[in-house]
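Thanks for making time, everyone. Please look at the model on the screen while I talk.

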Amino acid sequence: MFQLITPDGLPRRARKRMVNLEIDFCGIKAPNPFWLASGPPTNSGLQVQKAFEQGWGGVVWKTIGAPVLNVCNRYGTIDYRGSKIIGLNNVELISDRSVEVNLKEIREVKKNFPDRALFVSVMVESKKETWQEIIKRVEDTGADGVELNFGCPHGMQERGMGSAMGQVPEYTTMVTEWVSEVATRPVVVKLTPNVTDIVQPARAAVAGGASALSLINTINSIIGVDLDTFRIVPDVGGRGGHGGYAGPAIKPIALHLVSAVSGDLVVQQAGTPISGIGGIETWRDAAEFMLLGATSIQVCTAAMHWGFRIVEDMIDGLSNWMDDKGFSRCSDFIGRSVGRMTTFGDFDLGFQTVARIDHSKCIQCNLCYISCNDAAHQCIDLKDLKIADSSSDCSWPVVREQDCVGCDLCAKVCPVNDCITMVEIDTGRSHVTWNQLVADKPEVLNWDKMEEYRKQEHIKIH
Amino acid sequence: MVEHYKPHKYKAGEMSLPERFAEYFSRLSEREAVAEANRCLYCYDAPCVVACPTHIDIPSFIRKIATGNVKGSARTILESNLLGATCARVCPVQELCEGSCVLARDQKPIMIGRLQRYATDWAWSRGCKYFDPGAPNGLKVAVVGCGPAGLSCAGELAKAGFAVTCFESRSMAGGLDTYGIVVFREPVEVSLAEVKMVEELGVSIRTGVTVGKEIGWDELVDSFDAVFIGVGMAAVPLLSIPGEELDQVVDGLEFIEQTKIKALDSITVGQRVCVVGAGNTAIDCATIARRLGAERVAIVYRRSEAEMPCYHFEYQFALSEGVSFMFLTQPVAVLGTGCVEALKCIRMDLGPPDSLGRRSPVVVPDSEFVLPADMVIRAIGQKKRYDALEQLALLGVKSNNGYITVALESRQTDNPKVFAGGDCIRSTGEASTVAAVQDGKIAARSICAQLSERARLKHVSADHSRRSSQEST
Ligand SMILES: Cc1cc2nc3c(=O)[nH]c(=O)nc-3n(C[C@H](O)[C@H](O)[C@H](O)COP(=O)(O)O)c2cc1C
Ligand code: SF4
Ligand code: SF4
C-alpha cells in the first residue's frame with residue numbers, strides 16, 4: 001500500500017486567488033467569516049485548535065459561567081426522507097467544565113492562533129459584580145471579546161439566565177451596560193429567537209452599549225413523542241421537555257430574524273455589526289446571511305454532524321462564487337440584499353408572471369398538475385400532445401396561461417431543474433403598490449369597488 | 001458497464017459508426033450529479049480515499065458537487081491527480097473506490113467515477129485553470145516518456161518550480177491514454193487536454209524524440225539535475241506461430257490506436273475476428289472489432305475464465321457486446337494463402353498447480369481444430385523495453401525481469417539521480433493509469449525532497465531580493 005499523500009506532500013502551488021475573505025468584525029480581524037458558534041464544537045482547547053488548524057476564521061467558545069450538571073440523552077433530531085438531522089434539538093446546558101480550566105485553555109489557544117477571532121460566550125447569574133468579574137477574567141486571557149449568552153432556552157432560563165434575560169429588553173440593556181462598563185474589548189450580545197419581535201431586544205442591546213449582535217440562538221421545540229413508549233424525545237429517563245432547535249431546518253427563520261435586525265434603522269444608525277447564526281451548513285448558506293447583513297457567520301449543528309472539515313468547501317466555494325461575481329472582498333457584498341427587503345404593502349402589484357413548462361425537460365410525473373389542480377388555481381391541463389421525438393403515450397401537462405395566477409407552486413413542486421419557469425409577462429396592468437393603491441383609491445377596501453378596480457385593470461381571478 | 005446491459009447487434013443502419021464510438025457513458029446531468037452527490041455519506045477517513053491509488057479526497061469533491069462548488073470539486077480532484085479526467089473514465093472503479101464504498105454493503109455504491117468525470121468535464125468545458133508554475137528554482141528535470149506517469153511527474157515538478165523537459169518518441173504525448181484506450185471509454189481530446197494543462201505549467205514536451213537514439217541516456221543524466229523514466233512497455237510480442245506474417249495478423253495496440261487517430265470508416269476489420277489473449281487490451285480489441293462491424297469475434301485464451309487478466313466488468317461488457325470466449329484454447333498456426341483464412345488451435349487443460357499455486361495449461365493431445373477467421377489480433381501483453389534497459393544498466397539503473405527496479409517509497413532507481421514509474425516498473429500488481437499517476441507524484445515528491453536544499457541555495461544566490469516575494473506554499 002502506498003503511503004497516504006496529503007496535499008502537502010508536495011509544495012502545491014494553487015493558483016493565486018483574486019479574492020480576499022478577511023473580515024473586520026467590530027474591530028476584530030479574522031482571515032475569513034466562517035466561525036464556530038458557541039456549543040459542543042467549541043467546548044475545549046483541543047477542539048478549537050483543531051478547528052483553527054482546519055481553517056475556521058474564528059470561534060465563540062462554549063458558554064462558560066455558572067456551575068451546571070448535564071443530563072443524558074441531550075439530542076432529538078428530525079430526519080427527512082433519508083436525510084439525517086435536518087433539524088436538531090438539544091437540552092444541553094452551558095459548559096460543564098470549570099471556568100478555571102476553560103480560561104486556561106482559552107489563553108493557550110489565543111496565543112497559538114493570534115490571527116483568529118476568539119470570542120468567549122459568558123453566562124452568569126444576574127448580579128453586576130458576578131458579570132463584571134467574569135468579563136475581567138475573560139479579557140485577561142487575551143481573548144478578543146465576549147459574547148453574552150442571553151439566548152439559551154432551556155435549563156438556564158429557569159434559573160433566571162439565558163433567554164430569561166434576552167426575552168426582557170430592560171434586562172438585556174441592564175446586563176449589557178454592566179458588562180460594557182468594565183469591558184475594554186468588543187461585547188457581542190447573542191439574541192434569542194423566542195420573542196415576538198426580535199428588534200426590541202436588538203435595540204435594547206445596542207442601548208446597553210453592545211459592540212455587535214449575534215443571532216439566532218436555538219428555538220423552543222419538542223422534537224416528538226415515541227409512539228410505543230409515549231415518551232418525549234429526547235427521553236431523559238422517562239421525562240422530557242422543550243429544548244433548543246437548530247440545524248438546516250431553522251435557516252429561514254434565522255435569515256428572517258437577521259434581516260429584521262440588519263434592516264432596523266436604530267441598529268443601522270448605531271453601525272452595529274451582526275454575526276449570523278442558524279442552520280448554516282455550506283458556503284451558499286453563509287453567503288445568504290452575509291447578503292442580508294451578517295459580517296461573520298457561525299456554525300454549530302453542521303460541525304456537529306460533519307466535523308470541522310466542512311470549512312474547506314465553505315472557504316473554497318465562497319471564494320469561487322466571489323470570483324465569479326467579481327467581488328474581491330467580503331465587504332463588497334455584505335448587506336447587498338438588505339435594501340431589497342420590504343413589506344407586502346410595497347410590493348409591485350403589476351409584476352406578473354405565468355408558469356411555462358419546457359416539454360423537452362418534462363419527465364411527465366404530473367406533480368405540477370396535481371398541485372395546481374388540488375391546491376392552486378386549476379390551470380394546468382393534461383393533454384395528449386404530439387411532441388416530436390417523444391415516444392411517450394402519457395399525457396403532458398400544459399398551462400393555460402390566461403388563467404395562471406403566477407403563484408409559483410407548480411415550479412416549486414417540479415422535480416426537474418429549470419423545467420417550469422415563471423416568465424414575466426406584460427399585462428398592461430399598472431405598476432402600483434398596495435400602499436399607493438389604498439392611498440389613491442381608499443374605496444377599494446370595499447369589495448364592490450375592488451371588483452370595479454379589477455375590471456378596469458383586467459384582473460381576472462380564475 | 002453491466003448495469004445498462006443491452007446486446008448490440010450492430011446491424012447495418014442500426015447505429016452509425018460515430019455513435020458506436022461516442023463515449024459509452026453519457027455525461028451526468030446536473031440533476032443526476034447533485035442527486036448522486038447527495039447520496040454520499042461524506043464518510044470520515046473514507047475507504048474510497050484509501051482505495052484510490054492517488055488518494056483523491058473523494059468525499060470532499062463529491063460534497064462540493066452537492067454544494068454547487070463544482071469548480072472547487074475539480075480542484076480537489078486535480079490536486080491529488082492531475083489526470084483526474086482520464087482516471088474518471090479508465091479507472092477500474094469497481095475494483096478501487098467504488099468497490100470500497102460503504103454504501104455497497106446495503107445499497108448501491110456511489111458512482112464516484114462518473115461524478116469525477118462530471119466535475120472535471122465541467123472544469124474543462126469552462127477552461128478553468130487551477131495551477132500556476134512555481135517560482136523557478138533553477139533546477140532542470142528530464143522526463144522520458146510522456147504517458148500518465150511522465151505527465152503527472154512533470155506537472156507536479158513544474159508546480160514546484162522545476163524546469164521540466166519531456167521526451168516523447170511518439171508524435172503526440174499522453175501515452176496509452178492518447179493511443180491505447182478504446183475511444184468509447186476515453187476520447188482522445190480528454191488526454192490531449194491533460195497534456196495541454198501540463199504544457200501550460202511551463203513543461204516543454206519534445207515529441208518525436210526517442211531517448212537512446214536521438215539523444216543518449218548518459219547525456220540526459222549528465223545535463224539534468226534529475227531524470228524520471230516513464231517509458232511504459234513496448235509493442236505486443238509475436239505469437240511465434242506459423243502464418244503470423246500474413247497481413248491480417250495485427251498488433252492489438254495498433255488496432256486500438258487506429259480508432260483514436262484515424263477516420264473510423266477507413267479502418268479495416270475482418271468479419272470473423274479472433275483475438276488472442278484475455279487482458280484489457282484483448283477486451284478493447286474485441287469490442288472495437290464488434291463495433292466496427294465484425295460479425296463474429298472470438299477471444300481465444302489458453303487458460304480458463306478464472307485466470308483471465310481482464311476485469312470482471314470488462315468480461316461482462318464484452319459478453320454484452322456479443323463477443324464469444326473460447327477458453328482453454330491455444331492458437332498453433334494461422335492458416336491461409338495470401339490472406340488469413342483460419343486460426344488453427346489446440347485444446348488445453350489445466351495441469352497441477354505450480355510452485356506459485358497457479359495451474360498452468362497443458363496441451364490436450366490430438367485436439368487440434370480449425371477456427372475460420374479473416375483477421376487475427378494479437379493481444380498477449382507487451383514486450384519489455386530491453387533495449388533501453390541495457391543502456392540504463394550502464395548508468396547503474398538496475399532492472400529485474402525486464403522491469404526497472406525502484407525503491408517503493410521514493411520511486412528512485414539504483415542511480416540516485418534517476419527515478420522511474422508507470423508500467424515500466426510495475427512488475428507486480430495491476431499496471432494502470434492511476435498507479436502511473438501516483439508513481440509520477442511520488443517521484444516528483446522525492447525529487448523535490450532530494451533537491452530542495454540545492455534549489456534553495458541556487459535560488460538564494462540567483463536573486464536575493466526575490467526571496468521576500470516568494471509565494472508561500
Ligand atoms: C448542543 C448545542 C449546545 C449549544 N450550546 C450553546 C451554548 O452553550 N451557548 C450558546 O450561546 N449557544 C449554544 N448553542 C446554540 C448555537 O450556538 C447556535 O446558536 C444554534 O445551534 C443555531 O446554529 P446552528 O443551526 O448552526 O446549530 C448550542 C447549540 C447546540 C445544538
Ligand atoms: S412537475 Fe415538472 S416534470 Fe413533472 S409533469 Fe410537471 S412539468 Fe413535467
Ligand atoms: S465510501 Fe461511499 S459513501 Fe463513504 S464517502 Fe466514499 S463514496 Fe461517499
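Start with the crossing of α3(A) and α5(A): it is right-handed. This is a predicted model, so keep that in mind throughout. Helix α3 covers residues 128-140 of chain A, and helix α5 covers residues 169-182 of chain A. Their axes come within 9 Å and cross at roughly 45°. The two helices, α3(A) and α5(A), are therefore oblique to each other.

Who makes the contact? On the α3(A) side we have A:K128, A:W131, A:Q132, A:I135 and A:K136. On the α5(A) side we have A:V175, A:W178, A:V179, A:E181 and A:V182. By class, the contact of α3(A) with α5(A) has six nonpolar residues, one polar and three charged.

Next helix pair. Helix α1, residues 45-53 of chain A, meets helix α2, residues 99-112 of chain A. Their axes come within 9 Å and cross at roughly 20°. An angle under 35 degrees counts as roughly parallel, so α1(A) is roughly parallel to α2(A). The crossing of α1(A) and α2(A) is right-handed. In α1(A), the contact residues are A:G45, A:V48 and A:Q49. Facing them in α2(A) are A:E105, A:E108, A:V109 and A:N112. The contact of α1(A) with α2(A) splits into two nonpolar, three polar and two charged residues.

Now the sheets. In chain A, four strands form an open sheet with antiparallel pairing, in the order β5-β6-β14-β11. Which strands stand at its edges? They are β5 (75-80) and β11 (219-221) of chain A. Each has a single partner strand, so one side of each is left without a neighbour in the sheet. On average, neighbouring strands of this sheet are turned by 40° against each other, direction ignored.

Zoom in on one pair. β5(A) and β6(A), residues 83-90, are antiparallel and share five bridges. For a landmark, take A:T77: its bridge partner in β6(A) is A:L88.

Over to chain B. Here is an open sheet of five strands with parallel pairing, in the order β3-β2-β1-β4-β16. Its edge strands are β3 (204-207) and β16 (418-420) of chain B, and each pairs on one side only.

As for strand β4 itself, residues 226-229 of chain B, three bridges join it to β16(B), and the two run parallel. B:V227 stands opposite B:V418 in β16(B).

On to the ligands. How many residues lie around ligand 1? There are 28, and A:A37, A:G39, A:A246, A:C300 and A:T301 come nearest. The elements that give two or more residues to this shell are β4 (58-65), β6 and α10 (301-306) of chain A. By class, the shell around ligand 1 has twelve nonpolar, 13 polar and three charged residues.

Ligand 2 has 14 residues around it. The closest are A:C362, A:C365, A:L367, A:C368 and A:C414. That shell has twelve nonpolar residues, two polar and no charged.

Ligand 3 sits by chain B residues, and 14 residues surround it. The closest are B:C40, B:C43, B:C48, B:P59 and B:C101. Two elements of chain B, α3 (47-51) and α4 (58-67), each give two or more residues to this shell. What classes do we find there? The shell around ligand 3 has 14 nonpolar residues, no polar and no charged.

Last, some backbone details. Most residues other than glycine have a negative phi, and most peptide bonds are trans. Here are the exceptions I flagged. B:H55 has a positive phi, near 55°. B:H55 lies in the loop between α3 and α4 of chain B. Those two helices are the ones that contribute to the ligand 3 shell.

Then two cis peptide bonds. One joins A:L215 and A:I216, with omega about 15°. A:I216 lies in the loop between β10 (212-215) and β11 of chain A. The other runs from A:V233 to A:P234, with omega near -5°. A:P234 lies in the loop between β13 (232-233) and β14 (243-246) of chain A.

Definitions and conventions: Residues are numbered from 1 along each chain as its sequence is written. Chains are lettered from A and ligands numbered from 1 in the order in which they are written. This is a predicted model: local features need pLDDT of at least 70, side-chain atom pairs count only at pLDDT 80 or more; totals for chains, interfaces and linings use all residues. Two strands pair if DSSP finds at least two bridges between them. Axes are lines fitted to C-alpha atoms, for helices over the stretch in contact, and angles run from 0 to 180 degrees between N-to-C directions. A residue is near a molecule or strand if its C-beta atom, placed from the backbone, lies within 6 Å of it. Ala, Val, Leu, Ile, Met, Phe, Trp, Tyr, Cys and Pro count as nonpolar, Asp, Glu, Lys and Arg as charged, and the others, Gly among them, as polar. Angles under 35 degrees count as roughly parallel, over 145 as roughly antiparallel, 65 to 115 as roughly perpendicular and the rest as oblique. A crossing is left-handed if the near helix is turned anticlockwise from the far one by less than a right angle, and right-handed if clockwise. Two residues are in contact if their C-beta atoms, placed from the backbone, lie within 7 Å.
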